[in-house]
Amino acid sequence: MSHSVIARAAEATPPGLARRFKGLSDRAIAWSFVAPTIFLLLAVNIFPLIWTIRLSFTNFRANRPNAEVEWIGLRNYDRILTDSDIWQTMQATAHFLCWTIVLQVLIGFSLAWLINRKFKGNDLWTTIIVLPMMLSPAVVGNFWTFLYQPQIGLFNYVVAFFTGADPTSFSMIGSVSLAPWAIIIVDTWMWTPFVMLICLAGLRSIPDSIYEAAECDRASKWRQFWTITLPMTLPFLMLAVLFRGIENFKMFDLVVQLTGGGPGNTTTLTSIDLKREAFEKWRTGYASAYAIILFVTVFGLASIYVKALNKVKER
Amino acid sequence: MSGYSITEPSLRQKWVAGALVAFYAIVTILPLVWIIATGFKSSADAIAYPPKVVFAPSLEGYVNLFTTQTRQTAEYFASHPPETWYERIVQSKGLTIAGPSRFGERFMNSVIIGFGSTFLSVFLGTLAAYAFSRFKVPLKDDLMFFILSTRMMPPIAVAIPIFLMFRSLGLSDTHAGMILLYTAVNLSLSVWLLKGFIDEIPQEYEEAALIDGYTRFQAFTKVVLPQAATGIASTAIFCLIFAWNEYAFAVLLTSGTAQTAPPFIPTIIGNAGQDWPAVAAGATLFLLPVMVFTILLRKHLLRGITFGAVRK
């Protein structure tokens with residue numbers, strides 16, 4: 001394999017094509033290769049970020065581009081941090097985040113642990129389980145509203161089948177108490193395979209020899225699980241939680257299609273609230289301050305978490 | 001593998017594990033099966049109570065998905081008998097086809113924007129990944145982290161200034177604008193994934209080529225690129241799936257010309273509320289390619305979803 005590549009490289013006559021690059025030093029190539037990427041990211045990410053910071057100190061409204069823009073200092077930030085509605089939104093987001101992570105870690109880890117038994121056909125089942133994760137959350141979320149309909153929806157019917165409850169007696173997305181769980185169920189359905197795949201990689205990274213040694217020392221299976229399996233998959237598990245945490249903090253498409261934030265404000269997660277402020281109420285300055293607060297929160301939490309993750313890895 | 005291993009699970013354990021996993025897989029696939037099945041139901045069957053598992057297949061949903069229809073009188077039908085199978089389906093409900101729907105257009109937008117942005121982000125990503133992998137780039141780690149951190153921003157937060165920027169540049173609701181935006185969003189993924197793939201190609205190959213008189217650029221195109229082909233292909237599929245599925249930017253920045261399928265499919269409305277067979281038909285056509293790609297990609301799946309952090 002390696003031989004043929006070198007041979008192929010040697011056989012081809014060094015052509016005059018790309019002669020322009022011939023004189024380029026490694027340094028020049030390095031820069032010309034990296035520059036377009038960095039430039040594009042600066043233009044589409046950093047420049048807008050700076051613009052957002054600037055806007056956050058003003059009362060600018062994007063639907064009135066000609067109105068006079070006033071510099072109002074920190075008033076937007078002050079209004080957001082003292083607004084009780086926003087704290088309610090944060091609570092809804094925290095509820096969604098915590099429960100999706102707990103459920104996905106529990107189910108995902110258990111599935112990975114089972115799949116690691118290497119039974120027949122496990123590739124096939126794994127592939128089937130993984131499918132929901134790759135699909136468009138907006139399109140799938142929209143269809144789930146159909147599955148959740150009382151009477152005609154499959155979900156209610158399946159629940160009724162197992163519990164004996166009347167399928168018309170509850171509406172997952174219409175009821176204030178059930179709606180937060182409706183979004184948790186769909187997110188868990190969709191993203192459990194993600195956690196599962198990462199845990200599976202973790203479980204497979206543990207060499208058999210460790211278990212063999214434990215077996216020789218007559219450690220019980222239970223003890224092996226707590227002293228070998230769990231600690232050795234922990235870094236993987238934490239990585240999965242990091243990804244899910246960031247993704248679900250940003251959650252928009254799935255939930256906006258499922259419940260649109262309702263009923264009332266029960267499932268209004270921060271991204272949905274932000275979208276309303278920015279693109280429905282057109283309070284651009286206020287929404288910019290809101291966006292900055294969210295960004296700082298994600299970034300801050302993620303960096304603390306990554307530090308903890310690195311500590312676990314070093315152990 | 002021969003002989004007895006104490007770490008090998010017993011046959012009974014395997015059976016129980018297999019049964020539990022199979023049960024989960026069947027439950028988890030149900031909603032997807034239901035989408036595909038609903039696409040082939042008639043409107044009456046789709047909203048039947050209890051939900052129908054066995055039904056007479058109908059292409060009504062697909063016909064509704066691709067056409068717009070208007071009501072007509074009995075006299076009109078008497079003078080215009082239906083000529084094709086789809087006209088017959090429509091006429092059985094007292095309607096006639098008025099023209100094509102926008103679904104085809106929206107689907108094509110998804111294709112154009114998806115492939116355009118994938119090509120660009122993989123192209124730029126390969127160059128950057130090669131440079132990060134092989135050369136001493138000052139502040140390399142910081143730049144790599146910066147590239148990754150662009151993914152942490154909630155899309156809605158970036159959407160405000162991008163909306164303003166696109167408006168002043170005339171890029172709102174254009175294919176070019178969306179391609180540019182998705183390229184930028186996907187760059188973090190493509191650089192990180194491709195750097196991992198290129199890191200795995202031994203440097204000796206290029207060194208041999210350089211000794212043979214190749215320039216660095218030729219060594220890159222003639223030696224490294226063919227070696228990285230699998231990695232580039234799977235990165236491209238991940239980028240494509242992301243662009244294909246993206247909703248937040250699409251719903252905020254496009255409304256007509258450049259609108260992709262995800263914001264469009266949920267807005268398919270029938271005569272009374274949402275036309276579920278048509279929605280399901282649209283969803284099926286939209287989701288199937290991704291399912292096929294997922295099956296093709298299953299070996300690299302883990303790597304793709306973790307930005308190359310876990311390689312198996």
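Begin by selecting residues 90-305 of chain A, the stretch that an unreviewed UniProt entry annotates as "domain: ABC transmembrane type-1"; such annotations may be inferred rather than shown by experiment, and their positions are given here in the numbering used for this model. Over residues 90-305 of chain A the chain is 75% helix and 0% strand, with the end C-alpha atoms 19 Å apart, where helices (H or I, at least four residues) and strands (E, at least two) are DSSP runs numbered from the N terminus.

The model is predicted, and local features need pLDDT of at least 70, side-chain atom pairs count only at pLDDT 80 or more, and totals for chains, interfaces and linings use all residues. Residues are numbered from 1 along each chain as its sequence is written, while chains are lettered from A and ligands numbered from 1 in the order in which they are written.

Next, colour chain A by its division into domain 1 (18-55) and domain 2 (80-314), bounds that come from an automatic or database domain assignment; their centres, taken over C-alpha atoms, are separated by 35 Å.

Now show both chains: 87 residues of chain A are in contact (C-beta atoms, placed from the backbone, within 7 Å) with 93 residues of chain B. Helix H2 (residues 26-55) of chain A gives the most to the side of chain A that touches chain B, with 15 residues.

Finally, in chain B, select helix H9 (residues 175-199) and helix H12 (residues 229-245), which pack at an angle of about 155° with their axes 10 Å apart, the axes being lines fitted to C-alpha atoms over the stretch in contact and angles running from 0 to 180 degrees between N-to-C directions. Among the residues that meet there are B:Tyr182 and B:Phe197 in H9(B), and B:Gly231 and B:Phe242 in H12(B).

Key
Two residues are in contact if their C-beta atoms, placed from the backbone, lie within 7 Å.
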